[in-house]
Each structure stands twice: as C-alpha cells, then as structure tokens.
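Good morning, colleagues. Please take a moment with the sequence and the model, and I shall then go through the side-chain pairings, the chain as a whole and a few backbone details.

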Amino acid sequence: MFRQILPLLLLLSLAAPTHSRNPHLINFRWPNLYPESFTWDPKSDHFVVGSLRQRLLISVSDAGVVSALISDDSLPSNASFLGISLDPRLHRLLAVVHSPPFSGLVAYQLPTFRQLFLTPLNGLLPSDTISNDVAVDYLGNAYVTDSANDVIFKVTEDGEATILSRSKAFKSHPVDSSVPYHNCGLNGIVFNPKGYLLVTQSNTGKLFKVDVDDGTARRVILNKDLTGADGIALRSDGVVVVVSAQKLYFIKSDDSWSEGVVFDETALEEERQASAVAVGGEQGLRVIWACERGHYGECRKRGIQHSGSGVRRGAERRESLDFYFDWFGFCLFLVLEISNAATCD
C-alpha cells in the first residue's frame, strides 16, 4: 500500500510552498557600490549590476567573481544607476540615470559598452522627475517609470523621448502617508510579449496593465495588494514575480491580466531591503540587496538572493559593502529551478 501512495506523496512534497527553504548566499564585494537594480546577461553568463553611488556598472558571475564593465565619466559626477534592462535584439544595455535635477536614460552597445545615447527625461514635465525602472519591447522601444509623478515615458530605439502614459488610473487609489515609501508611485516595469506593460505602484500596492500603443492603463484586479511593491519580472511560463522589502509575490492570470491571483509568497528579511528581481537561466529568479555596516548601525541595503541549498560564504568588513545572491529553490515535478530575486527603492 505504501509503495502505491509513495509517488503521490513525492509529488505533493515537490509542489509544497517554498517559504521554508534556506537561501544560498553568494557574497561579493565592491567598495561603495550600493546597488539598486540588476539584470541577467545570458550571452556573457553574468549579472550586470548598477550603483547608486558611482557611475559604474559591474559584472557578477554565479560564482561571485566581480569585474568592472564601465565607469562612465560622461555622466554627471553625482550620477547613479537605477533600473537596468537588456535589449537582446539590438544587443544593448539600457540604464536609468539619476543625478538631481537630471533624470534620463542611457543606452550602451554590447559587448563594447560604447554609449549610444543619453536621453534627458526631466524636461518632459514641469515638475521634478524621479525616473526609476526601465523595460524594453521587441522593437527596441524603452519604457521608463517616473515614481514622483506616476508617469511612464517612452524612448525610441534612436533615443527620442515622449510621455506614453499619465493615466488617471494611477491617481485613483488612496495613499497611506504614514508609510516610508508614500512618495514612491510607479516603480517596477516589465514588457509582456503580448504587447503591453505590467507596472507596480509602491505606495498603493497596485499592479497596472498599460497599452504600449496609446498608454491606456487599468488596474489589474488581484486577490490582495502587493504591499510596498518594487521590482517586477516575468517568467517564461507567464508567472509574474513582484518583490518588496518584505516578500516575493508570485502572481498568475488566465485572462491576459485583467485579473490575477497571488498564489504564493516567499518571506524576505525586511532589514535587507530587497529592491529588484530578474529572471535568468532555468526560470531563475534573482533578488538583490546589500549590507552596510557602521552606516546606520545595522545591515541596511542591497544584496542578491539566489535559490537552492548551500552555505553562506564570505565575511563582512566594516569599511566596505557586502552583497549577496540568495538562491531560493523551486522544485516542481522533479525539475529544479534556480531562482534569484531583488527589489528596488
């Protein structure tokens, strides 16, 4: 009898929630990096990681090997990189640049990292902009969120910028002014191959579907809010993953995102403040966060999470930042998915 039910028990155990799996941390260091976002480059088989404190992009391998890709002295001296996205068709890397009051999008040719354009976005609105995350479609158009004004910009392949959407839907939900991110509106953005964008809004926990042709936006009806929603990623099986400082949300939809269901969640350590999530490899989800000791007296920001089992490697040093990849294992029907996750501010 036991032999007859053993296969069923095995499948049930594989389909169980992943909350209790221990993360595998891959530590890496780079002085004064403080990363906000990152992306996976399948051709070079490494992560591209930006910096909030330097005009710098670095590569990080799955083994934790770190090297500099570019230090762009043509950017303002106080510039930082926020959202990062790969354009596989045109072999470009797109990155949001922030240097108050300047806000813009820069494009680099791969693998040389020759700058193709630097497009200002702050001049498109009368108020200050905080360009945050970026996504790219199959035609080479880039879409950038403005967290200060709840606006989405469109930047063409040639670097020409316009306002795609400033929909009233983005302003139709109450904001809790007591939360620390109450001024952070539209945030993470991802392009769906069916021809629309999915965008998170941090201060309301809402998810929006936005048409890339006319900017029409509507709220995706979910079974719960995505509290503090930040970065967003789309898996090849159609599942959307949203990261916040507290958790990863796994969401699916059967009607092209008129409605959706949060069907699983994975708790994160809030003090590490995850900020971005990316998909790479075999449905791999990667989360980024970093630890800084001696700044606020605690482990405060940014690193990278990677799924699976393993041991924590590396040690912390007060004079530098320590970053981590935590790998969360997703074992479904005898297929091991390596997953990483990350959130943004």
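Lys 206 counts as buried because its relative accessibility is 15%, under the 20% limit. In this predicted model, Lys 206 forms a salt bridge with Asp 225, and the closest N and O atoms are 2.8 Å apart. The two residues come from distant parts of the chain: Lys 206 belongs to strand β16, residues 206–211, while Asp 225 lies in the loop between β17 (217–219) and β18 (232–234), 19 residues apart. Asp 225 has a relative accessibility of 38% and therefore counts as partly exposed.

How many salt bridges are there by this rule? The count is eight. As a general point, side chains of opposite charge can pair when their charged atoms come close. One of the eight joins Asp 237 to Arg 235, with 2.7 Å between the closest N and O atoms. Here Arg 235 is buried at 9% relative accessibility, whereas Asp 237, at 43%, is partly exposed. Lys 224, Lys 247 and Glu 265 are also joined, in one network of salt bridges that share partners. A further salt bridge connects Asp 87 and Arg 92, with the closest N and O atoms 2.8 Å apart. Are Asp 87 and Arg 92 buried or exposed? Asp 87 and Arg 92 are both buried.

I turn next to the aromatic residues. The count of aromatic pairs is six. Among them, Tyr 108 and Phe 113 form a tilted pair, 6.4 Å from centre to centre and with 50° between the planes. Both Tyr 108 and Phe 113 are buried. Phe 170 and Phe 208 make an edge-to-face pair, with 5.1 Å between centres and 90° between planes. Phe 170 is in the loop between β13 (161–165) and β14 (186–192) and Phe 208 is in strand β16, so this pair ties together parts of the chain 38 residues apart in sequence. Phe 170 and Phe 208 are both buried. Elsewhere, Phe 38, Trp 40 and Phe 47 make up one aromatic cluster.

Two lysines also meet aromatic rings. The charged end of Lys 209 sits over the ring of Tyr 196, 4.3 Å from the ring centre. Lys 252 lies over the face of Phe 263, at 5.0 Å from the centre of that ring.

Leu 198 counts as buried because its relative accessibility is 0%. Which residues is Leu 198 in contact with, leaving aside its neighbours within four places in sequence? They are Gly 188, Ile 189, Val 190, Leu 207, Phe 208, Lys 209, Val 220, Ile 232, Val 240 and Trp 257. Phe 208, from the edge-to-face pair, and Lys 209, over the ring of Tyr 196, are thus among the contacts of Leu 198. Ala 135 is 63 residues from Leu 198 along the chain, and the C-alpha atoms of these two residues are separated by 9.8 Å.

For the chain as a whole, there are one helix and 26 strands. Of its 345 residues, 56% count as buried. Among contacts with a separation of 6 or more, 53% are between residues 24 or more positions apart. The accessible surface is about 15,200 Å², and 53% of that surface belongs to carbon and sulfur atoms.

Some backbone details follow. In general, most residues other than glycine have a negative phi, and most peptide bonds are trans. The peptide bond from Pro 100 to Pro 101 is cis, with omega near 5°, and Pro 101 lies in the loop between β7 (92–99) and β8 (102–109). Leu 110 and Pro 111 are also joined by a cis peptide bond, with omega about 5°. The loop between β8 and β9 (114–120) holds Pro 111 and also Phe 113. Phe 113 has a positive phi, near 65°. Ser 256 has a positive phi as well, near 55°, and is located in the loop between β20 (247–252) and β21 (261–267). At 29% relative accessibility, Ser 256 is partly exposed.

I close with confidence. Mean pLDDT for the chain is 77, and 73% of the residues reach 70 or more. Where does pLDDT stay under 50? One such stretch is residues 5–21, with 20 contacts beyond four places in sequence. Another is residues 289–345, for which the model has 267 such contacts.

Terms used
Residues are numbered from 1 along each chain as its sequence is written. This is a predicted model: local features need pLDDT of at least 70, side-chain atom pairs count only at pLDDT 80 or more; totals for chains, interfaces and linings use all residues. Side-chain values use heavy atoms; hydrogens and water are left out. A salt bridge is a side-chain nitrogen of Lys or Arg within 4 Å of a carboxyl oxygen of Asp or Glu. Buried means under 20% relative accessible area, exposed over 50%, partly exposed in between (1.4 Å probe, protein chains only). Helices (H or I, at least four residues) and strands (E, at least two) are DSSP runs, numbered from the N terminus. Rings of Phe, Tyr and Trp (its six-membered ring) pair if their centres lie within 6.5 Å; planes under 30 degrees apart count as stacked, over 60 as edge-to-face and the rest as tilted. A charge sits over a ring if NZ of Lys or CZ of Arg is within 6 Å of the ring centre and within 35 degrees of the ring normal. Contact means heavy atoms within 4.5 Å. pLDDT is the predictor's confidence in each residue, from 0 to 100. Accessible areas come from the Shrake-Rupley method with a 1.4 Å probe; for residues, only the protein chains shown count as cover.
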